[in-house]
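Thanks for coming. I will go through one structure, starting with the whole and then moving to two local parts. Please look at the sequence and the model first.

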Amino acid sequence: MAELKKISSPEDGGGTTTIEARFAQFCKNDLPLVDDNFLTQATKLFNESKNLLMTNFSAVGTGTPDEAERYWFAFVLYSVRRLSENGAPAEKGLSLCQILKAARLNVFDFYKELHQFLIKVGSILNNLYGLDWEKRLKAKESQTNFVHLTVLSKKYERAFREFFSIADGNNDKHLVVANTSGCESDYYRFGWLLFLALRVHVFSLCKDLVTCTHGLVSVLAILLIHVPARFRNFNVSDSEHIVMKGDKVDLLASLCNMYETSEDELKKTMEKANNLIADILSKKPCLASERKPENLENIITDGLIYFEDLMDESSLSSSLVLLETDYDAANKNVGELDERIFINENDSLLGSGSLSGGAITTNGGGAKRKLDVISSPTKTLTSPLSPYRSPASHSNGGIYKIAATPVSTAMTTAKWLRTVIAPLPSKPSADLERFLSSCDRDVTADVTRRAQIILEAIFPSSGPGQNASLMDNMWAQHRRMEAMKLYFRVLQAMCTAESQILHANNLTSLLTNERFHRCMLACSAELVLATHKTVTMLFPTVLERTGITAFDLSKVIESFIRHEESLPRELRRHLNSLEERLLESMVWEKGSSMYNSLIVARSTLSTEISRLGLLAEPMPSLDAIAMHFDVSCGASPPMQSLLKNEKQGQNGDICSPKRLCTEYRSVLVERNSFTSPVKDRFLALNNLKPKIPPPFLQSAFASPTRPNPGGGGETCAETAVNVFFSKIVKLAAVRINGMVERLQLSQQIRESVYCLFQKILGQRTTLFFNRHIDQIILCCFYGVAKISQLNLTFKEIISNYRKQPQCKPQVFRSVYVDWTAQRRNGKNGPDHIDIITFYNEIFVPAVKPLLVELAPGGSTQTTSQSPETKNNIDGPCPASPKPSPFPSLPDMSPKKVSAAHNVYVSPLRSSKMDALISHSSKSYYACVGESTHAYQSPSKDLTAINNRLNGSRKLRGTLNFDDVDVGLVTDSMVAKSLYVQNGSCSSSPPMPVKSEQPDS
């Protein structure tokens, strides 16, 4: 390993300097820091973390010592700058951009590596800045904000190019700028600075993508009103998108039609923007209908505000200076990103690459395309094969509909909330009230009060010490209303389905369960947050503010999706990928209520669970939540009568003394098969029935020790754990299958890896505690490869895992261990190590007996216990299900793309996709069967396909999609064709290949 303590410094003529000296030089020379307190804090954090840099420098950036140093310097200064802001920020004026310029890094790479730094120095930050340092640092929010701004800046650039001509048609004069690019013009810069002023002064809490898009569209409207008409490219002949009233254009209605914005919200935002122009630029507003400027000759002026000389060359320069000064004054103490870099075309700080901002995935490349794609709210597969598509097409000078982009997708989803959910009543409907009043006691008031408290905790209004604007308060109120209406709507659908099965309206056991209602409210609020793509309240905020855990929320996601049929596809994907995120790691984290069920279902694990302190804290009461978040409940009566007369179970359910929960059997969750968020396999995976009886919500939310209402002698904890384990196994099957395809391994290896994973889950469950399931899957692959004498290195496994859509570098770089029980060379307490060290020191000693069973002739050894098995705290659990053959998984997910024609489109397999990426000269698309012409380009080939499908002229040699008598393939036939025969765990002998030691 290279030594970082003594490296030649180019500044001292080849001499050597210590890393401490170089850090001090960086702070004082490269960044002229003058705050002694700030320097002291930065030096302390650096000195305490430098050993981590020395042992992990190869995993930072490209792995060179010099670059790793610069990253570490930037991480330390950024962390101290943010965490030392206690009312009076340290080192005022120091921004992230200044730090990155001094360190010669770009924003993309900085955020890409920041998460690893925070994982490694987390315990140090705990000691220096307290346990709440992560909330104060807001690294995820900062990264998501950067992703949003990048997407919005690209949206703004495209729109500006569409609406405004680069040159004056009369004298070929460029748009008030020296160089030739229209997007470098003063008009362009004015628009972005006005948008930033909106974000600073109006959108403090509501800096979500939807609200900011309304702000951006309002800026475009102001530019269209004031930029001289000769520069405008706003063609009234585009009848599809331009809304005409008589012979004039309705400007705001046209923009709303193009960008799916709400006209009411757009008018409110424009009013705020006009107020900023009047306040910051000291411009006097007047009604456009009174002045009737020449610039608005073909535009309806009713309700529009006009500023004289706003875009005159004489005043535009001074307006830009005032906006710049205002932005500097508002952000000099924040220490965040300078958001003006997005209009500096050649700004090297932006960089290029891909980011996953927790709720967002982005991919991009090239100077003009740094970030053109944003996924659904949580990380989903974004194919690198997707070609760049122009957001708008010109035809005869008109502006045509913008293709699907991150912003347009968000606005389309927001339209669902606006048109489907917003018109609903903000109280329980008559049908829902019937169910609520049919319980042993009328719980309508309790349900309403709980919803008010929980949703105000999630979407708080301004409180003491907060400077939320009126628009922020309105934003929070609207989001609360949307979540409440959605909650009542889905709750009614669930109650209706339940009553039809039970032939009864008394659903006391379900409707009095506190934890169930909180999960439903959390799910509703999360969908609202995901729709608006908020920056300030990223998941798992809803869990923290409702007092539930990831395990609790995972119980209602599938039922929620199934009982809201109008849910847009993007939100279905969000909930499915959210469930995947919960299952893969969050449910296994410390404080998960899953452990409270596990100690009942698997009593042998109770000692280890208690030793690690994994149990969840009791769910806080409604009154505690109301007090903590300063929630005002108005005149709503408290739930004291309910608490006095009824006994609350330990799992948050409120049990009526008149009726036991075993009287009714809820079948709301008829299936719990795992569904892929990427391929949206709702119907296909529906046939993957679990081996255990279907669970139901009342037992899922009942006290763990309570008997299962479905019978069978199980406790509710055992049922919940079995259902949870079945979901884990299905998720593992999908990921194992993906890795097998990438590695091009045999089906027998796939079976062995899958069987080993199942055995570890059932017999070595503690290996999952505080870890990610992919860490176990990767170790299973290498362990099976070794026992099967397969020539497969860890380096190859990790290299292929990097290509998986769910890959995160911390999975193989940072595996949790607790050396207390291992007694390893003086090490003690929790630590994070790389995946290979974990495999050698933790995985192999625990799993060796299970690996031996997979070896040739190993089946004869399963009846006797080895010393490792006898000493393992898990042991073979009597309740553990036996390993099952690899399940049938849908190989593709065909989607019917035409209502009139029987045409299906499926994504490529990951292995074939990789092959295509390496051959850029080949077409990424194909017609049904062989291509009928030579490859030209993706766009031309797709155009040819569309012409064949949509054209009226019959072409020789093409398929006939219109004849209903040609024996069309039906949806059901396609669904049935997705499945293959189940394999066997022990089919075919292992492959004898030369063994090899783990390779890093």
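**Whole protein, then two details**

The protein has an accessible surface of about 43300 Å², and 50% of that belongs to carbon and sulfur atoms; such areas come from the Shrake-Rupley method with a 1.4 Å probe, and for residues only the protein chains shown count as cover. This is a predicted model, where local features need pLDDT of at least 70 and side-chain atom pairs count only at pLDDT 80 or more, while totals for chains, interfaces and linings use all residues. Residues are numbered from 1 along each chain as its sequence is written, and side-chain values use heavy atoms, with hydrogens and water left out.

Of the 1000 residues, 54% are buried, meaning under 20% relative accessible area with a 1.4 Å probe, protein chains only. The secondary structure comes to 39 helices and 17 strands. These are DSSP runs numbered from the N terminus: helices are H or I with at least four residues, strands are E with at least two.

Now to the strands. S14 (residues 815-818) and S15 (residues 830-833) pair in the antiparallel sense over four bridges; pairing requires at least two DSSP bridges. Tyr816 stands opposite His832 in S15. Which way do the residues of S14 point? Val815 and Val817 point one way, Tyr816 and Asp818 the other, and all are buried. In a regular strand, side chains alternate between the two faces of the sheet.

Last, contacts, which means heavy atoms within 4.5 Å. Among those between residues at least 6 apart in sequence, 72% join residues at least 24 apart.

Definitions and conventions: Buried < 20%, exposed > 50% of the residue type's maximum accessible area, 1.4 Å probe, protein only.
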